[in-house]
Amino acid sequence: MSVEFDEAGGLRIATFGSGPRKIIAVHGITASLMAWGAVGRRLPDGWSLVAMDLRGRGHSASLPGPYGLDRHAEDVLRVAEHVKAGRDAVLTGHSMGAYVAALAGARRDFARIVLVDGGLPLPPLPEGMDADAATEATLGPALERLRRTYPSAEAYVDFFKAHPAFAGNWNADVEAYVRYDLTGPDGALRSRAAGEAVLEDGRWLRLEPDRITAALEAITSPLRLLRAPRGLLDQDTGLLPDDLALPWAARLPGLRDELVPDCNHYTILFDERCVTTVVNHLTAAE
């Protein structure tokens, strides 16, 4: 599978494959375009996947704020225009990227929009908890890693190998994703993701549920939701459990909801079996 790098308005983009049918893919809150590497490598003939580093992440980390999901949605649509993605293109997003995809998909039509373990308004904040504290509680080790430096690339890899979501689920795609995220001098390596971008986006996500609701209701493209049954720390309850997702499936006539068995919030994009399900939904003939 070929991979070509480019940029659009300062955003780093990568195109996996060379087929004429395009998938525009958006990563999560502390991730990078390499979150889509396993999906990109498994595309059938005739397809290509265009993933971007959102501002404040990856090789787009130096792009200035303000951040927020509206700003990311604008960037996504700019990338779609840059690669000449027509109405036959598919839009997808994982985790926070699914919310960005919902906002972008409310502004123009796509052949379909596939939300991967994200995109539905989250429950209200517990009384007395602010949005930053909720982001910290949800992301756990993902935020911790942004505050640390690492003596070597191997130390950073070891940090990820100890993450509950990846314990026993390590493969070459995960390692490529992890190593892509590193920057800085030898002995003081760090994640490329900017902590201020992560917190600002987490704040937006928690404080703007009405904007997400309005976007979902405005989407006219076919809408798919793929959910992981296990959470960000591989806990038994996923990010979007049945009691949150099923009312939305009933509320939105165009939404098809599917639980992808035996994966967590991260491995839904890295485990070969789970990735096959994601690819099938992205490239299905409809």
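Predicted model: local features only at pLDDT ≥ 70, side-chain atom pairs only at ≥ 80, totals over all residues.
Me: Is H2 roughly parallel or roughly perpendicular to H8?
Reply: Helix H2 covers residues 69-82 and helix H8 residues 195-207. Their axes come within 9 Å and cross at roughly 105°. An angle of 65 to 115 degrees counts as roughly perpendicular. H2 is therefore, relative to H8, roughly perpendicular.

Me: How many charged residues are in the contact of H2 with H8?
Reply: From H2 come Leu-69, Asp-70 and His-72. They meet Asp-201, Trp-204 and Leu-205 in H8. By class, the contact has 3 nonpolar residues and 1 polar residue, and the number of charged residues is 2.

Me: Which helix gives the most to the lining of the largest cavity?
Reply: The largest cavity holds about 190 Å³ of space. Its lining has 15 residues, with Ile-29, Leu-122, Thr-138, Leu-139 and Leu-205 nearest the centre. H3, H4 (131-139) and H8 each supply at least two lining residues. The helix that gives the most, with 4 residues, is H4.

Me: How many residues of the lining of the largest cavity are nonpolar?
Reply: The lining of the largest cavity has 15 residues. Of these, 5 are polar and 1 is charged. The nonpolar residues number 9.

Me: How many charged residues are in the lining of the second largest cavity?
Reply: The second largest cavity has a volume of about 130 Å³. It is lined by 15 residues, and nearest its centre lie Gly-28, Ala-31, His-94, His-265 and Tyr-266. The lining divides into 10 nonpolar and 5 polar residues, and the number of charged residues is none.

Me: Is His-94 buried or exposed?
Reply: His-94 lies in strand S5 (residues 90-94). Beyond its neighbours within four places in sequence, His-94 has contacts that include Val-26, Trp-36, Val-116 and Leu-269. Its relative accessible area is 6%. A value under 20% counts as buried, so His-94 is buried.

Me: Which residues is Thr-267 in contact with, leaving aside its neighbours within four places in sequence?
Reply: Thr-267 lies in the loop between strand S10 (255-259) and helix H11 (272-283). Thr-267 is buried, with a relative accessible area of 4%. Past the sequence neighbours within four places, its contacts are Ala-165, Asn-169 and Cys-274.

Me: How many Å apart in space are Thr-267 and Ala-228, C-alpha to C-alpha?
Reply: Thr-267 sits in a loop. In sequence, Thr-267 and Ala-228 are 39 residues apart. In space, the C-alpha to C-alpha distance is 8.6 Å.

Me: How many nonpolar residues are in the lining of the largest pocket?
Reply: About 210 Å³ of space lies in the largest pocket. It has 13 lining residues, and Thr-138, Leu-232, Gln-235, Gly-238 and Leu-239 lie nearest its centre. The lining includes 5 polar residues and 1 charged residue, and the number of nonpolar residues is 7.

How values were computed
Residues numbered from 1 in each chain as written. Heavy atoms only, no water. Buried < 20%, exposed > 50% of the residue type's maximum accessible area, 1.4 Å probe, protein only. Contact = heavy atoms within 4.5 Å. Axes fitted to C-alpha atoms, helices over the stretch in contact; angles between N-to-C directions. Parallel < 35°, antiparallel > 145°, perpendicular 65-115°, else oblique. Nonpolar A, V, L, I, M, F, W, Y, C, P; charged D, E, K, R; others polar. 1 Å grid on protein atoms, 1.4 Å probe; cavity = no way out; pocket = protein on both sides within 12 Å on 5 of 7 lines; lining within 4 Å. Points joined across faces, edges and corners; volume = space filled by probe spheres on them.
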